[in-house]
Amino acid sequence: MEQRLSDLIILLASGINQRRMYFDNHPNVQALSAEIVEKLRAMLSESEQNEFAFGVFSSKFIRKGKYLVGPSIAGRSLIEFSECLCCGGFVFRWPITPADLVTFFRLGAEQKDKLDSLETARAFFASAGLSHIEISPPLSEDRQEGRDDGKNSESDDNDDMDFMAADFAPLLRVYQSLYETVATNNIALNSDNRIDLDQARSSGEELVAVSDKGALDVMQFMRYPDFDSYTIGHSVRVAALGALLARELDWPRDLQNEIATAGLLHDLGKGSVPDEILFKPGCLSDDERQIMETHPVLGVRILLANGETNPIVLSAAWGHHIREDGRGYPVMPPWFARSSAAALIHVCDVFEALTAARPYKNPMCPRRAYEIMIKDKGAFQPLILAALIRTLCLYPPGSEVLLSDRRRAVVVAKGPTPGLPLVRITHDESGVPLPRQKQPAVHLHREPKLQIDEFMQVGVDSDENADTETVVHTV
Ligand SMILES: [Fe+2]
């Protein structure tokens, strides 16, 4: 359900973006409005409610006291609209119509200046004839939607989010553009199949330009299932990992850019795989697996139909499920040599799948993911796998760890000694969170008595017996 809520918010933001490019009666705007109404109808009837509401607080979407990271990145246009309206969220009430949404998108696309008050904004909505969409008052710290008294279990998440907002704000715009690129292409696959290749290319270049800090953000976003509209978050993170590895391997700058773009587009073909298969929790049947395994070929067809000619992008889309020993899919002709680009995206693809949260599994700690990948003899290009481990290390930046003195910390950067990174202490020995300004940075290689005892990201699965086959092969 949470995933569908996130997707719905992203679609609403896309409506504003589409309306900025087109006009009320344009087929894209009309189709999106109808699609949202249909999704809303299904969701409300399932939950036996008659309205769908979410808040906006501190430039992020919030629902039931929980920040929605992915939509907050992908849905900037809707957040900006809420800021123009001086409101703290939106309520969409049944029976909302596609015409209501078209009007909503038009207001969102055209409103550039901040209105002077919530009352003015409400009058603005009323004069446009919007009766099934309401705006709610701004949320204060203790009135965030759904939070009770601030003592609930969400407080840790919010601390993390404040940390993230403070440290990574400059990168959010880039992540937003990456996310939008993949999300927009996914939407296009459901309508006219027209992919914005130029946007993908410029997003890839932006990613490479900021990839100095990329590892940090990759791990941060892997922690939050909400960031992941599954294939969208996956592609963004594969692109980010790909850019890092291409740099680590000293590939030329142009190639780094192409790898980032290839990461964004590598799973395009999944847009043609039915949702019941794509989002099925657990193992696929043989028939379902066969359908799933068509996605590399379908992806290349879509790319070619859109005029893509870049061999890096095409080969990565086609070959990212082919192993180093030639097994995997699609079946590789004997005369064919897999490209290094495909080999690199393959490594990133599997590592991301293992370490990311999915609706049916917890994320796995990187050390365990490395073990599985190393043990899978013949699967990966050794030089690329080594570069992955070298780049991310045992505790990639963004990892949450427990120190030997029982304090909790977040890894900020890798240190000169493997396993001894620079960390920032976030919780004291009793597990009490420290205020952001009182979180000391500690270079573990300078503290001989202090070491990392445990990798302890929330929900991370380090179970040695975890069933990984499914994970590796269904992505
Ligand atoms: Fe794939």
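With 11 C-beta neighbours inside 10 Å, A441 counts as exposed, where a residue is called buried if 20 or more other C-beta atoms lie within 10 Å of its own, exposed if 12 or fewer, and partly exposed in between, with C-beta atoms placed from the backbone. This is a predicted model, in which local features need pLDDT of at least 70 and side-chain atom pairs count only at pLDDT 80 or more, while totals for chains, interfaces and linings use all residues. Residues are numbered from 1 along each chain as its sequence is written.

**The chain as a whole**

- The chain holds 19 helices and 10 strands, these being DSSP runs numbered from the N terminus, with helices of type H or I and at least four residues, and strands of type E and at least two.
- Of the 475 residues in the chain, 45% are buried.
- Among the contacts with a separation of 6 or more, 71% are between residues 24 or more positions apart, a contact being a pair of residues whose C-beta atoms, placed from the backbone, lie within 7 Å.

**The five-stranded sheet**

- Five strands form an open sheet in the order β9-β8-β7-β6-β10, with antiparallel pairing, and two strands are said to pair if DSSP finds at least two bridges between them.
- The edges of this sheet are β9 (441-443) and β10 (452-455), each of which pairs on one side only.
- From one strand to the next, the twist averages 40°, taken between axes that are lines fitted to C-alpha atoms, with angles running from 0 to 180 degrees between N-to-C directions.

- Strand β7 (residues 408-417) pairs with strand β8 (residues 420-427) in the antiparallel sense over six bridges; R408 has H427 in β8 as its bridge partner, and V411 stands opposite V423 in β8.
- The hairpin of β7 and β8 has two residues between the strands, and G419 takes a positive phi near 85° there.
- Strands β8 and β9 also pair in the antiparallel sense, over three bridges, and L422 stands opposite H443 in β9.

**Two residues in their surroundings**

- A441 lies in strand β9 and, leaving aside its neighbours within four places in sequence, is in contact with V412, L422 and R424.
- The C-alpha atoms of A441 and I425 are 6.4 Å apart in space, although the two are 16 residues apart in sequence.
- L392, which lies in helix α18 (residues 382-392), is buried because 25 other C-beta atoms are within 10 Å.
- L392 and L244 are 148 residues apart along the chain, and their C-alpha atoms are separated by 9.1 Å.

Methods:
Contact = placed C-beta atoms within 7 Å.
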